[in-house]
Amino acid sequence: ITTCEAAHNIRVMKYSVSPVVRVAVQPKNAAELPKLIEGLKRLAKADPCVQCYHEASGEHIVAGAGELHLEICLKDLAEDHAGIEIITSDPIVPFRETITEESTIMCLSKSPNKHNRLYCKASPLEESLQPVIQA
C-alpha cells in the first residue's frame, strides 16, 4: 500500500468477471469532452472490472459486470473522476449463444460462382481449446 501514483502491483491480479452490460456516455456540454476522456481513463485505472473504450462510431463505451456495478461506475465517473454531468444511453446486454451438442443436419453453402460447395456441421469445441480462444 502506497500513496505514490507511479507505483504498480507486483503481480497483475486476474478477475473471472467479464463486463456484460455496456452504455454509451457523452458529456452534457460538448466542450467538456476532454474532461470525460480523462475521467474514463481514471475510472478504468480505479476499477479493474470495468472497461472503457472508444468505438469507431465515435461513442465512448463503459462496460461493467452488471447493472448495479455499471450504475456505481457511472456515478463515480460523473462525481469523482470527470466532475461533469454526463448523458448515458440505455444499457445494452449483448446476446450470445453456444453449441451444446453436435448438429444432426448437414449444411451446404455454395461459393458466389457456384463452382465450390462447402458442407459443414456445428459441434462444440474441445474443453482444452476454450481457454486458448478466450485468452
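This briefing describes the sheet, helices, salt bridges and selected residues of one structure.

The model is predicted: local features require pLDDT of at least 70 and side-chain atom pairs count only at pLDDT 80 or more, whereas totals for chains, interfaces and linings use all residues. Residues are numbered from 1 along each chain as its sequence is written, and side-chain values use heavy atoms, with hydrogens and water left out. Four strands form an open antiparallel sheet in the order β2-β3-β1-β4, and helices α1 and α2 lie across strands of this sheet. Helices (H or I, at least four residues) and strands (E, at least two) are DSSP runs, numbered from the N terminus.

**The four-stranded sheet**

- The strand order is β2-β3-β1-β4, with antiparallel pairing; two strands count as paired if DSSP finds at least two bridges between them.
- From one strand to the next, the twist averages 30°; axes are lines fitted to C-alpha atoms, for helices over the stretch in contact, and angles run from 0 to 180 degrees between N-to-C directions.
- Strand β2 (residues 51–54) runs antiparallel to β3 and is joined to β3 by four bridges.
- The hairpin of β2 and β3 has five residues between the strands, and Gly58 in the turn has a positive phi of about 100°.

**Helices across the sheet**

- Helix α1 (residues 33–46) lies across β1 (21–27), β2, β3 and β4, and runs at about 25° to β3.
- Helix α2 lies across β1, β3 and β4, and runs at about 20° to β1.
- His81 belongs to helix α2 and counts as buried because its relative accessibility is 19%; buried means under 20% relative accessible area, exposed over 50%, and partly exposed in between (1.4 Å probe, protein chains only).
- Leaving aside residues up to four places away in sequence, His81 touches Gly39, Arg42, Leu43, Ala46 and Asp76, where contact means heavy atoms within 4.5 Å.
- Gly66 is located in the loop between β3 (60–64) and α2 (67–81) and is buried at 18% relative accessibility.
- Between Gly66 and Arg22 the C-alpha to C-alpha distance is 8.6 Å, with 44 residues separating the two in sequence.

**Salt bridges**

- The whole structure contains five salt bridges, each defined as a side-chain nitrogen of Lys or Arg within 4 Å of a carboxyl oxygen of Asp or Glu.
- One of them joins the side chains of Glu55 and Arg22 at 3.2 Å, N to O.
- This pair links distant parts of the chain, with Glu55 in the loop between β2 and β3 and Arg22 in strand β1, 33 residues apart.
- Glu55 is partly exposed at a relative accessible area of 26%, and Arg22 is partly exposed at 25% relative accessibility.
- A salt bridge also forms between Glu85 and Lys28, whose closest N and O atoms are 3.3 Å apart.
- Glu85 lies in the loop between α2 and β4 and Lys28 in the loop between β1 and α1, so this pair ties together parts that are 57 residues apart in sequence.
- Both Glu85 and Lys28 are exposed.
- The side chains of Arg42 and Glu38 form a salt bridge at 3.8 Å, N to O; both residues lie in helix α1, four residues apart, about one turn of the helix.
- Arg42 is partly exposed at 43% relative accessibility, and Glu38 is partly exposed at 37%.

- Strand β5 (residues 107–110) pairs with β6 in the antiparallel sense over four bridges, and the bridge partner of Cys107 in β6 is Cys120.
- Six residues stand between β5 and β6 in their hairpin, where Lys114 in the turn has a positive phi of about 65°.
- A nonpolar surface patch comprises Leu125, Leu129, Val132 and Ile133, with about 370 Å² of accessible area together.
- Patches are made of residues with over 30% relative accessible area and no salt bridge, with like charges joined within 9 Å and nonpolar side chains (Val, Leu, Ile, Met, Phe, Trp, Tyr) within 5 Å.
- Accessible areas come from the Shrake-Rupley method with a 1.4 Å probe, and for residues only the protein chains shown count as cover.
- Leu129 is situated in the loop between β6 (117–120) and α3 (130–134) and is partly exposed at 38% relative accessibility.
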